[in-house]
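Please read this report beside the sequence and the structure. It covers confidence, an open sheet, a helix and a loop residue.

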Amino acid sequence: MERKQHIAIFTTASLPWMTGTAVNPLFRAAYLSKDGQRNVTLVIPWLSLENQGLVYPNNITFKSPAEHEQYVCQWLEERIPFKSTFAIRFYPGKFATDKRSILPVGDISEIISDEEADIAVLEEPEHLTWYHHGKRWKSKFRLVIGIIHTNYLEYVKREKNGRIQAFLLKHVNSWVVGIYCHKVIRLSAATQEYPNSIICNVHGVNPKFLDIGKKKMEQQQDGKQAFSKSAYYIGKMIWSKGYQELLKLLKDHQKELQGLEIDLYGNGEDSDEVREAAKKLELVVRVFPGRDHTDPIFHDNKLFLNPSTTDVVCTTTAEALAMGKLVVCANHLSNEFFKRFPNCRIYNDNKKDFVETIQKALVEEPAQMTETLRYELSWEAATERFLKAAQLDQAASTSDRMGRAPSKKFMSTSLSLKQNMEDASAYLHYLASGSEISRRAFGAIPGSLEPDEELCNELALPKPKSLGRQGSRN
């Protein structure tokens, strides 16, 4: 009897936190399940109320996972033209204030039963496995695919002793991704290299952006003025998200760019500093709180200016192109995918090129996109690229192909030296991740080896043995 593939997508963030690892895996789950050929489960972090207040904007909080799930589903339904059929499950998480990241608590692979454990997609596999302690992902799942979202090395380099930290982190990332993933998809060459990896942009844009772009194209065809405002940038308002590069470029070239007006939109811990730096410029630079990029306030802006070099593939750049705008961005590996679009204007790392690119963009009108290029930005195309890169487009769904089998089916059956070394390496990580001392030494959240009583109650998880022992002592 035939049965469908089951794909479990684990990610490191969730709405209403408007970050790439909250939005893109959500759309991936929707479009992978769209044709009904496979069962899909999206596994996202659940945070206790205290942690929610540290992460989610506009004082949004949830009393229960069911309430959180309803919010996520409603947000998605307002943006896609079909009814989604995938399931949502939650794993226990905690927010690390020093890393500005949500980290898993306990063995999150247990969220998926052994009977369902066919294919796992780890969105940010290094992030999900740094402190993983439990069943080995490659043993639990028939196939484990890692998708590299974030250029962690570039962020770390900007910190104190950044070069040394980046060197160590690079090797840790290679270690954990190598022992836990069969295949690795890098969104662009801006990320570090991994064994068994392929470079492929498997992200698309919210269909609403393509709808906006289509309306703008119709206005242009009717001879109407489609764009009237000048330049803007939208992104999380922290220095490393492009604001440092942007404000420096504007400061260095403000005389040549007289007349340029630019609006900055974003929320983040560096908002006050960004606002103060903008006030010191002779140019008109306005700073506003973050908004949804589909907000009508952005529709008439002609120019999206994004000099960031920390992105892997910038979601807002893709969205701006989908809306029919001109985009000016750096000649950087993260922008390689966008070079095929006529409205993407790349500048090289020199004063003259940056200024000339901006000046030309200010006086020119965006070109109308072909249907082929519009499709390249869609989630339908991104899903096709993902299935091909992961080699799932050729996978059969019969019971003999999809039956439970050890991960060694994908590897050599011989007891090779390489396999023995990988098994030993995985065991070493298991031992290290099981010690509170070593976990703390490598930056784990204290007490994150197992979920605490509050998380267990909220997610209806069985209490860990350690909590049971504590209760008996008390």
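The text below takes these topics in turn.

This is a predicted model, in which local features need pLDDT of at least 70 and side-chain atom pairs count only at pLDDT 80 or more, while totals for chains, interfaces and linings use all residues. Residues are numbered from 1 along each chain as its sequence is written, and side-chain values use heavy atoms, with hydrogens and water left out.

**Confidence.** The average pLDDT (the predictor's confidence in each residue, from 0 to 100) of the protein is 90, and 93% of the residues score at least 70. Helices (H or I, at least four residues) and strands (E, at least two) are DSSP runs, numbered from the N terminus. Confidence is highest in strand 5, at 98, and lowest in helix 15 (residues 399-402), at a mean of 39.

Where pLDDT is low, the predicted coordinates should not be read in detail.

An open sheet of eight strands has the order 4-3-2-1-5-6-7-8, with mixed pairing; two strands pair if DSSP finds at least two bridges between them. Strand 4 (101-104) and strand 8 (197-199) are the edge strands, each pairing on one side only. On average, neighbouring strands of this sheet are turned by 30 degrees against each other, direction ignored. Strand 5 (residues 119-123) and strand 6 (residues 143-148) run parallel and are joined by five bridges. Ile119 has Leu143 in strand 6 as its bridge partner. Helix 1 (residues 20-32) packs on the sheet and touches strand 1 (5-10), strand 2 (38-46), strand 5 and strand 6.

**Helix 14.** Eight of the 11 residues of helix 14 (residues 379-389) are buried, so this helix is largely enclosed by the rest of the structure. Buried means under 20% relative accessible area (1.4 Å probe, protein chains only). The buried residues include Trp379, Arg385 and Phe386. Gln391, which follows helix 14, has a positive phi, near 60 degrees.

**Gln192.** The loop between strand 7 (183-186) and strand 8 holds Gln192. Gln192 is buried, with a relative accessible area of 9%. Its side chain reaches the backbone oxygen of Lys170 at 3.1 Å. Not counting residues up to four places away in sequence, Gln192 touches Leu153, Lys170, Asn173, Ser174 and Arg186.

Notes
Axes fitted to C-alpha atoms, helices over the stretch in contact; angles between N-to-C directions. Contact = heavy atoms within 4.5 Å. Buried < 20%, exposed > 50% of the residue type's maximum accessible area, 1.4 Å probe, protein only. Polar contact = N/O pair within 3.5 Å; in protein donor to acceptor, adjacent residues only side chain to side chain.
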